[in-house]
Amino acid sequence: MILISTSNYEELSQKAAEEVISRINQNPSLNLGLATGSTPTGLYQKLIRDHKQNQTSYKEVNTFNLDEYIGISKKDRNSYHYFMCEHLFEHIDIPLDQTHIPDGTAKNLDEECMRYEQFIVEHGGIDLQILGIGQNGHIGFNEPGTPFDSRTHIIDLAESTRKANSRFFDSLEDVPKQAITMGIASIMDSKEIFLLVSGASKAKALSRLINGEVNEQFPASILQKHENVTIFVDKEATALL
Ligand code: PGA
(Lines give C-alpha, C1' and ligand atoms only; values in the text may rest on other atoms or scores of the structure.)
Protein backbone atom coordinates (compact mmCIF):
# COMPACT_ATOMS: atom_id res chain seq x y z
CA MET A 1 0.00 0.00 0.00
CA ILE A 2 1.30 3.42 -0.93
CA LEU A 3 0.46 6.28 1.45
CA ILE A 4 0.08 9.78 0.00
CA SER A 5 0.17 12.28 2.88
CA THR A 6 -1.46 15.66 2.44
CA SER A 7 -1.89 18.56 4.83
CA ASN A 8 -5.66 18.92 4.55
CA TYR A 9 -8.83 17.74 2.85
CA GLU A 10 -8.48 20.21 -0.01
CA GLU A 11 -5.04 18.91 -0.91
CA LEU A 12 -6.14 15.30 -0.47
CA SER A 13 -8.99 15.87 -2.92
CA GLN A 14 -6.68 17.62 -5.39
CA LYS A 15 -4.01 14.90 -5.32
CA ALA A 16 -6.58 12.14 -5.73
CA ALA A 17 -8.23 14.04 -8.61
CA GLU A 18 -4.91 14.45 -10.42
CA GLU A 19 -4.34 10.70 -10.25
CA VAL A 20 -7.88 9.86 -11.42
CA ILE A 21 -7.50 12.29 -14.34
CA SER A 22 -4.17 10.76 -15.26
CA ARG A 23 -5.80 7.29 -15.36
CA ILE A 24 -8.56 8.64 -17.65
CA ASN A 25 -5.98 10.26 -19.91
CA GLN A 26 -4.15 6.93 -20.15
CA ASN A 27 -7.38 5.03 -20.77
CA PRO A 28 -10.34 7.14 -21.96
CA SER A 29 -12.69 4.16 -21.61
CA LEU A 30 -11.72 3.53 -18.00
CA ASN A 31 -14.05 1.44 -15.84
CA LEU A 32 -14.21 3.67 -12.79
CA GLY A 33 -15.60 2.43 -9.47
CA LEU A 34 -17.20 5.19 -7.41
CA ALA A 35 -18.13 5.74 -3.79
CA THR A 36 -20.60 7.98 -2.00
CA GLY A 37 -20.32 9.66 1.41
CA SER A 38 -18.69 12.91 2.49
CA THR A 39 -15.11 11.93 1.74
CA PRO A 40 -15.16 11.70 -2.09
CA THR A 41 -17.21 14.88 -2.66
CA GLY A 42 -14.07 17.05 -2.73
CA LEU A 43 -12.55 14.73 -5.32
CA TYR A 44 -15.72 14.97 -7.43
CA GLN A 45 -15.63 18.78 -7.25
CA LYS A 46 -12.05 18.75 -8.52
CA LEU A 47 -12.97 16.39 -11.36
CA ILE A 48 -15.83 18.71 -12.35
CA ARG A 49 -13.57 21.75 -12.27
CA ASP A 50 -10.97 19.97 -14.39
CA HIS A 51 -13.66 18.84 -16.85
CA LYS A 52 -14.78 22.45 -17.29
CA GLN A 53 -11.26 23.91 -17.48
CA ASN A 54 -9.36 21.19 -19.34
CA GLN A 55 -12.18 19.31 -21.08
CA THR A 56 -11.19 15.92 -19.69
CA SER A 57 -13.90 13.76 -21.21
CA TYR A 58 -15.97 10.98 -19.66
CA LYS A 59 -17.81 10.12 -22.88
CA GLU A 60 -16.28 6.65 -22.97
CA VAL A 61 -15.94 6.06 -19.24
CA ASN A 62 -18.22 3.59 -17.46
CA THR A 63 -18.79 4.05 -13.75
CA PHE A 64 -19.81 1.43 -11.22
CA ASN A 65 -20.93 2.48 -7.76
CA LEU A 66 -20.20 0.40 -4.72
CA ASP A 67 -23.61 0.38 -3.13
CA GLU A 68 -27.18 1.63 -2.83
CA TYR A 69 -29.76 1.66 -0.05
CA ILE A 70 -32.60 -0.81 -0.30
CA GLY A 71 -36.13 0.53 -0.42
CA ILE A 72 -35.70 4.16 -1.35
CA SER A 73 -36.43 5.34 -4.86
CA LYS A 74 -33.73 6.58 -7.23
CA LYS A 75 -35.38 9.99 -7.14
CA ASP A 76 -35.21 10.25 -3.35
CA ARG A 77 -32.60 12.83 -2.38
CA ASN A 78 -31.00 10.28 -0.04
CA SER A 79 -30.54 7.60 -2.67
CA TYR A 80 -27.04 7.12 -3.98
CA HIS A 81 -28.42 7.49 -7.53
CA TYR A 82 -29.45 11.02 -6.58
CA PHE A 83 -26.19 11.69 -4.77
CA MET A 84 -24.08 10.73 -7.78
CA CYS A 85 -26.13 12.81 -10.21
CA GLU A 86 -25.95 15.82 -7.93
CA HIS A 87 -22.27 15.54 -7.01
CA LEU A 88 -20.81 14.36 -10.31
CA PHE A 89 -22.78 13.00 -13.25
CA GLU A 90 -24.80 16.14 -14.01
CA HIS A 91 -21.65 18.21 -14.23
CA ILE A 92 -19.51 16.14 -16.59
CA ASP A 93 -20.11 14.72 -20.08
CA ILE A 94 -20.72 11.10 -19.09
CA PRO A 95 -23.76 9.52 -20.80
CA LEU A 96 -26.09 8.50 -17.97
CA ASP A 97 -26.49 5.01 -19.43
CA GLN A 98 -22.81 4.45 -18.74
CA THR A 99 -23.28 5.11 -15.01
CA HIS A 100 -24.14 1.97 -13.08
CA ILE A 101 -25.46 1.67 -9.54
CA PRO A 102 -27.17 -1.34 -7.94
CA ASP A 103 -30.97 -1.02 -7.99
CA GLY A 104 -32.18 -1.00 -4.39
CA THR A 105 -35.80 -1.02 -5.56
CA ALA A 106 -35.53 -4.17 -7.70
CA LYS A 107 -38.39 -6.64 -7.15
CA ASN A 108 -35.98 -9.52 -6.80
CA LEU A 109 -33.01 -8.20 -4.85
CA ASP A 110 -31.02 -11.45 -4.93
CA GLU A 111 -31.27 -11.46 -8.70
CA GLU A 112 -30.23 -7.81 -8.79
CA CYS A 113 -27.08 -8.65 -6.79
CA MET A 114 -26.15 -11.41 -9.23
CA ARG A 115 -26.94 -9.22 -12.21
CA TYR A 116 -24.74 -6.38 -10.95
CA GLU A 117 -21.81 -8.66 -10.17
CA GLN A 118 -22.07 -10.32 -13.59
CA PHE A 119 -22.50 -6.97 -15.31
CA ILE A 120 -19.19 -5.68 -13.95
CA VAL A 121 -17.42 -8.86 -15.09
CA GLU A 122 -18.98 -8.56 -18.57
CA HIS A 123 -17.62 -5.02 -18.80
CA GLY A 124 -14.13 -6.33 -18.15
CA GLY A 125 -13.93 -5.50 -14.43
CA ILE A 126 -13.12 -2.29 -12.62
CA ASP A 127 -9.86 -0.57 -13.54
CA LEU A 128 -9.82 1.92 -10.68
CA GLN A 129 -12.02 1.81 -7.58
CA ILE A 130 -12.48 4.84 -5.32
CA LEU A 131 -13.10 3.87 -1.69
CA GLY A 132 -13.87 5.53 1.61
CA ILE A 133 -13.66 3.78 4.95
CA GLY A 134 -16.15 3.62 7.82
CA GLN A 135 -15.02 4.17 11.39
CA ASN A 136 -15.72 0.48 11.91
CA GLY A 137 -13.54 -0.45 8.92
CA HIS A 138 -16.35 -1.02 6.45
CA ILE A 139 -15.61 -0.63 2.75
CA GLY A 140 -18.63 -0.20 0.51
CA PHE A 141 -21.30 -1.28 2.96
CA ASN A 142 -19.40 -4.40 3.92
CA GLU A 143 -19.77 -4.27 7.69
CA PRO A 144 -17.50 -6.10 10.17
CA GLY A 145 -17.94 -9.85 9.87
CA THR A 146 -18.62 -9.80 6.11
CA PRO A 147 -16.75 -12.75 4.54
CA PHE A 148 -13.70 -11.78 2.51
CA ASP A 149 -14.97 -13.97 -0.34
CA SER A 150 -18.30 -12.12 -0.59
CA ARG A 151 -19.68 -10.91 -3.92
CA THR A 152 -22.40 -8.29 -4.46
CA HIS A 153 -24.95 -8.96 -1.73
CA ILE A 154 -27.60 -7.60 0.60
CA ILE A 155 -26.28 -6.32 3.92
CA ASP A 156 -27.92 -5.32 7.20
CA LEU A 157 -26.42 -1.95 8.06
CA ALA A 158 -24.63 -1.69 11.41
CA GLU A 159 -26.36 0.60 13.89
CA SER A 160 -23.20 2.74 14.00
CA THR A 161 -23.37 3.15 10.22
CA ARG A 162 -27.05 4.11 10.34
CA LYS A 163 -26.28 6.65 13.06
CA ALA A 164 -23.33 8.08 11.10
CA ASN A 165 -25.48 8.39 7.96
CA SER A 166 -28.53 9.78 9.79
CA ARG A 167 -26.99 13.23 9.34
CA PHE A 168 -28.33 13.16 5.79
CA PHE A 169 -31.86 12.09 6.80
CA ASP A 170 -34.63 13.78 8.78
CA SER A 171 -34.34 11.19 11.53
CA LEU A 172 -32.56 7.93 12.38
CA GLU A 173 -35.82 6.03 11.72
CA ASP A 174 -35.70 7.19 8.10
CA VAL A 175 -32.27 5.61 7.47
CA PRO A 176 -32.73 2.34 5.57
CA LYS A 177 -31.79 -0.82 7.44
CA GLN A 178 -30.40 -2.63 4.43
CA ALA A 179 -28.34 -1.96 1.34
CA ILE A 180 -26.95 -3.72 -1.71
CA THR A 181 -23.17 -3.58 -1.76
CA MET A 182 -20.40 -4.94 -3.93
CA GLY A 183 -18.76 -7.67 -1.89
CA ILE A 184 -15.24 -7.65 -0.57
CA ALA A 185 -14.06 -10.07 -3.25
CA SER A 186 -15.72 -7.85 -5.88
CA ILE A 187 -13.79 -4.84 -4.58
CA MET A 188 -10.54 -6.82 -4.40
CA ASP A 189 -10.93 -7.73 -8.10
CA SER A 190 -10.39 -4.04 -9.03
CA LYS A 191 -7.08 -3.59 -10.78
CA GLU A 192 -6.28 -0.50 -8.75
CA ILE A 193 -7.78 1.06 -5.61
CA PHE A 194 -7.66 4.61 -4.25
CA LEU A 195 -8.70 4.80 -0.60
CA LEU A 196 -9.50 8.29 0.70
CA VAL A 197 -9.21 8.85 4.45
CA SER A 198 -9.87 12.27 5.93
CA GLY A 199 -10.30 13.74 9.40
CA ALA A 200 -9.67 12.89 13.03
CA SER A 201 -12.75 10.64 13.19
CA LYS A 202 -10.96 8.22 10.82
CA ALA A 203 -7.58 8.22 12.62
CA LYS A 204 -8.29 5.02 14.54
CA ALA A 205 -9.54 3.21 11.45
CA LEU A 206 -6.48 4.27 9.44
CA SER A 207 -4.10 3.10 12.14
CA ARG A 208 -5.95 -0.24 12.44
CA LEU A 209 -5.87 -0.63 8.65
CA ILE A 210 -2.14 -0.06 8.38
CA ASN A 211 -0.87 -1.70 11.56
CA GLY A 212 -3.57 -4.19 12.49
CA GLU A 213 -3.97 -7.79 11.46
CA VAL A 214 -6.02 -8.86 8.48
CA ASN A 215 -9.34 -10.22 9.64
CA GLU A 216 -13.01 -10.06 8.76
CA GLN A 217 -13.86 -8.03 11.86
CA PHE A 218 -12.16 -5.11 10.14
CA PRO A 219 -13.13 -5.41 6.47
CA ALA A 220 -10.69 -2.77 5.14
CA SER A 221 -7.76 -4.81 6.50
CA ILE A 222 -8.02 -7.02 3.40
CA LEU A 223 -6.59 -4.12 1.39
CA GLN A 224 -3.18 -5.07 2.82
CA LYS A 225 -3.38 -8.06 0.45
CA HIS A 226 -4.16 -6.02 -2.69
CA GLU A 227 -1.21 -5.29 -4.93
CA ASN A 228 -2.15 -1.83 -6.12
CA VAL A 229 -3.65 0.34 -3.38
CA THR A 230 -2.93 4.03 -2.86
CA ILE A 231 -4.20 5.62 0.35
CA PHE A 232 -4.71 9.39 0.27
CA VAL A 233 -4.69 10.78 3.80
CA ASP A 234 -4.83 14.20 5.39
CA LYS A 235 -2.95 15.24 8.50
CA GLU A 236 -5.81 14.77 10.93
CA ALA A 237 -6.36 11.21 9.81
CA THR A 238 -2.74 10.31 10.53
CA ALA A 239 -2.83 11.40 14.21
CA LEU A 240 -2.41 7.82 15.48
CA LEU A 241 0.19 6.55 13.01
P1 PGA B 1 -17.85 9.14 4.78
O2 PGA B 1 -18.25 7.63 4.66
O3 PGA B 1 -16.99 9.45 3.60
O4 PGA B 1 -19.15 9.87 4.76
O5 PGA B 1 -17.11 9.30 6.07
C6 PGA B 1 -17.27 6.69 4.36
C7 PGA B 1 -17.83 5.32 4.52
O8 PGA B 1 -18.70 5.13 5.41
O9 PGA B 1 -17.42 4.42 3.77
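Modeller: Angles between elements are classed as roughly parallel under 35 degrees, roughly antiparallel over 145, roughly perpendicular from 65 to 115, and oblique for the rest. The model is predicted, so that local features need a pLDDT of at least 70 and side-chain atom pairs count only at pLDDT 80 or more, while totals for chains, interfaces and linings use all residues. Residues are numbered from 1 along each chain as its sequence is written, and side-chain values use heavy atoms, with hydrogens and water left out.

Helices (DSSP runs of H or I, at least four residues) and strands (runs of E, at least two) are numbered from the N terminus. The axes of helix H1 (residues 9-26) and helix H2 (residues 41-54) come within 8 Å and cross at roughly 55 degrees. An axis is a line fitted to C-alpha atoms, for a helix over the stretch in contact, and angles between N-to-C directions run from 0 to 180 degrees. H1 and H2 are therefore oblique to each other.

On the H1 side, the residues in contact (heavy atoms within 4.5 Å) are Tyr-9, Glu-10, Ser-13, Gln-14, Ala-16, Ala-17, Val-20 and Ile-21. H2 contributes Thr-41, Gly-42, Leu-43, Lys-46, Leu-47, Arg-49 and Asp-50. By class, seven of these residues are nonpolar, four polar and four charged. Here Ala, Val, Leu, Ile, Met, Phe, Trp, Tyr, Cys and Pro count as nonpolar, Asp, Glu, Lys and Arg as charged, and the others, Gly among them, as polar.

H2 also meets helix H3 (residues 80-87): their axes come within 10 Å and cross at roughly 40 degrees. H2 is thus oblique to H3. Thr-41, Tyr-44 and Ile-48 of H2 meet Phe-83, Met-84 and His-87 of H3. This contact has four nonpolar residues, two polar ones and no charged ones.

Beyond H2, Gln-55 is found in the loop between H2 and strand S3 (62-65). Gln-55 has a positive phi of about 60 degrees although it is not a glycine. With a relative accessibility of 56%, Gln-55 counts as exposed; exposed means over 50% relative accessible area, buried under 20% and partly exposed in between (1.4 Å probe, protein chains only).

The sheet comes next. Seven strands form an open sheet in the order S1-S10-S9-S6-S2-S3-S5, with parallel pairing. Strand S1 (2-5) and strand S5 (99-100) stand at its edges, each with a single partner strand, so one side of each has no neighbour in the sheet. H1 packs on this sheet, touching S1, strand S2 (31-34), S6, S9 and strand S10 (229-233), and the direction of H1 makes about 165 degrees with that of S9.

Strands pair if DSSP finds at least two bridges between them. Strand S9 (residues 192-197) runs parallel to strand S6 (residues 128-131), and four bridges join them. Gln-129 stands opposite Ile-193 in S9, and Leu-131 opposite Leu-195. S9 also pairs with S10 in the parallel sense, over five bridges, and Phe-194 stands opposite Thr-230 in S10.

Six of the six residues of S9 are buried, so this strand is largely enclosed by the rest of the structure. Glu-192, Phe-194 and Leu-196 point one way from S9, while Ile-193, Leu-195 and Val-197 point the other way.

Val-197 lies in S9 and is buried, with a relative accessible area of 1%. Leaving aside residues up to four places away in sequence, Val-197 touches Leu-12, Thr-39, Ile-133, Lys-202, Leu-206, Ile-231, Phe-232, Val-233, Asp-234 and Ala-237. One of these, Asp-234, is 37 residues from Val-197 in sequence, and the two are 7.0 Å apart in space, C-alpha to C-alpha.
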